[in-house]
Amino acid sequence: MAAIDYYKTLGVSKTASEKDIKKAYRKLARKHHPDLNPNDKEAEKKFKEINEANEVLSNPENRKKYDKYGEHWQNSEAYEQAKQQQQQQRAYQGQAGGSGGYSERDFEDIFGNMFGGQSSGRRSQGNSRFRGQDFNAELQLDLKDVYEEHKRTLTVNNKNIRITIPAGVENGQTIKIKGHGGKGVNGGPNGDLLIQFSIQNHTKFKRDKDNLYTTVDLDLYTAMLGGDLMVDTFTGKVKLTVKPETQNGTKVKLKGKGFPKYKKSGQFGDLYITYQIKTPTKLTDKEKELFTELQKLR
Amino acid sequence: MEVTDLISITTFCTHYNVPVTFINDLQDYELIEIVVSDDDNYIKTTQLNELEKLMRLHFDLHINLEGLDAVYNLLERVENLQSEVISLQNTLRLYEDL
C-alpha cells in the first residue's frame, strides 16, 4: 500500500508555512466535513484523512518527525534505537567482510521488523476536544423481517448493542444510535453509530413505501361470470369476490393489507392486486364449438 | 412537557464549554428554540443533536452565524432531497422488476 503523503492530502508544498497549512486545512475541512455532507461515505473518509494530515503537519515537532521518517514518524524513537542496534550489528559483521551504509530498503526493513509492516495509530494527542468518529454499518434484512418491530443485537468493536428496528423501515434508510461511535478525544463526546438498512425482497409482493403490489391469475370463467377467489396477502390468505365481466389488468385495493407505516403503530398501507386473466388452452372440439356459438351471439 | 425533556442552558454550556451567548445567538437566528420555565432557560433534549452539529460547524469550521443560518437551511434541503431520492429509487425498482 502506498504511503500517505500528508502534504498532498492538504494540497500544500513541503515548504508550506504553518499559516498555509491552517488555511488549506480549513478550506478542505469545510468542503468535506461530515456535517456538511450527510450520508456521504467518501466525504467522511476524505475528512478523516485531512484531519490526520492536519494533526501531524500543524504541530511543528510532529511535522519535523514526519519530514524525516515519513509515515512511520510516530515510531521515530523506536526507529533510532533499532537503527543503533543494527549499526552495531553491521559494524560487527563488517569486520567479517560485510558492507556498511543504509539503503531505503533497510529503512523500511527496520520498521517492518518492528511493526509488521504497518504503522500503528497515527493520531496525535493534542489538548483539543474532538468528537469521536461516526461508525457506519450496513444491516441486511429481509422484507419479512421489517414487517414487525423487532430487536437485534449488533456487535460493534467487540461490544454488543441491542437495537430496536421499527416496523416499516425503508430500503436505504439510516438510523442513528447516539454515542455508539468512536470514543471522543480529550473528553469530547463519542461519535454516533449510523446503521443503513439494505432490505432484500424475496416475496412475490412489490413494495412502494407502505403499499404492496401483486398480480393474481384469474381464470376466464370467473372473470366473465364473477365468483370468489382466495388470494395471498403478506400475512395470509383472504377471500375476494370477483365482479362479473372483470377486465384483464383490473386493479383492486385491499385497504390496510399493505406494509406497516414507519413509526405509526397499528397503521398499514394498502395491498393492490392486479388481475391477470388466463385464457384456456388445449380446447376440446366441444369447447371450440361452444366458443364459436358464443362468438356468433356477439 | 416533562422536566426530563429539557436541559438547562447553563448546564449545557458548562458541559460543552461554550458561552451562553452562543445559544442565545442561535435562538435569534431561529436555529434553536429556548424554553423558559421556572425562571430558567432550557433547551429541548431533542435538539441536542442539531445543537452539537451547529457547534461543530461554528467552532471547528469557523462558520459565522449568518453562514450557519444559510448552511443549516441548505442541509435541511439536502436531507429532504436524499430521502426523496431513496424513495424514488425504491419506486423505480418496483417498475424495473415488472
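## A walk through chains A and B

Among contacts in chain A (heavy atoms within 4.5 Å) between residues at least 6 apart in sequence, 57% join residues at least 24 apart. The model is predicted, and local features need pLDDT of at least 70, side-chain atom pairs count only at pLDDT 80 or more, while totals for chains, interfaces and linings use all residues. Residues are numbered from 1 along each chain as its sequence is written, chains are lettered from A and ligands numbered from 1 in the order in which they are written, and side-chain values use heavy atoms, with hydrogens and water left out.

Let us stay with chain A for a moment. Its elements comprise 8 helices and 11 strands; here helices (H or I, at least four residues) and strands (E, at least two) are DSSP runs, numbered from the N terminus. Chain A has 298 residues, and 37% of them count as buried. On this scale buried means under 20% relative accessible area, exposed means over 50%, and partly exposed lies in between (1.4 Å probe, protein chains only). The accessible surface of chain A is about 19,000 Å², with 47% of it belonging to carbon and sulfur atoms. Such areas come from the Shrake-Rupley method with a 1.4 Å probe, and for residues only the protein chains shown count as cover.

Chain B has 98 residues, and buried residues make up 38% of them. Its 4 helices and 3 strands run β-α-α-β-β-α-α from the N terminus on. Among contacts in chain B between residues at least 6 apart in sequence, 57% join residues at least 24 apart.

Now to the place where the two chains meet. The size of an interface is often given as the accessible area lost when the parts come together. Between chain B and chain A the buried area is about 2,100 Å², and carbon and sulfur atoms give 51% of that; buried area here is the accessible area (1.4 Å probe) that two parts lose on being put together, summed over both. Chain B brings 23 residues to the contact, and chain A brings 23 residues. Arg56(B), Leu61(B) and Leu94(B) supply 26% of the area that chain B buries against chain A, more than any other three residues.

Polar pairs cross this interface too. The rule finds 10 residue pairs in polar contact between chain B and chain A, both residues being at pLDDT 80 or more. A polar contact is a pair of N or O atoms within 3.5 Å; within protein, one must be able to donate a hydrogen and the other to accept it, and residues adjacent in sequence count only if both atoms are side-chain atoms. On the side of chain B that touches chain A, the elements that give two or more residues are helix H1 (9-16), helix H3 (48-60) and helix H4 (65-96) of chain B. H4(B) gives the largest share of that side, 11 residues.

Salt bridges come next: a side-chain nitrogen of Lys or Arg within 4 Å of a carboxyl oxygen of Asp or Glu. Across the interface of chain B and chain A there are 2 of them. One is between Lys178(A) and Glu52(B), whose closest N and O atoms are 3.2 Å apart. Another joins the side chains of Arg56(B) and Asp35(A), at 2.6 Å from N to O. Arg56(B) lies in helix H3 of chain B and Asp35(A) in the loop between helix H2 (18-32) and helix H3 (41-57) of chain A, so this pair joins two chains. Arg56(B) and Asp35(A) are both buried.

Over all chains, the count comes to 12 salt bridges. Within chain A, Asp228(A) and Lys239(A) form one, with their closest N and O atoms 3.8 Å apart. This pair links distant parts of the chain: Asp228(A) is in strand S8 (residues 227-233) and Lys239(A) in strand S9 (residues 236-242) of chain A, 11 residues apart. Asp228(A) counts as partly exposed because its relative accessibility is 48%, whereas Lys239(A) is exposed, at 59%. The side chains of Asp208(A) and Lys209(A) also meet in a salt bridge, at 3.9 Å from N to O. Here Asp208(A) is buried, with a relative accessible area of 12%, and Lys209(A) is partly exposed at 40%. Lys204(A), Asp232(A) and Lys237(A) are linked in a network of salt bridges.
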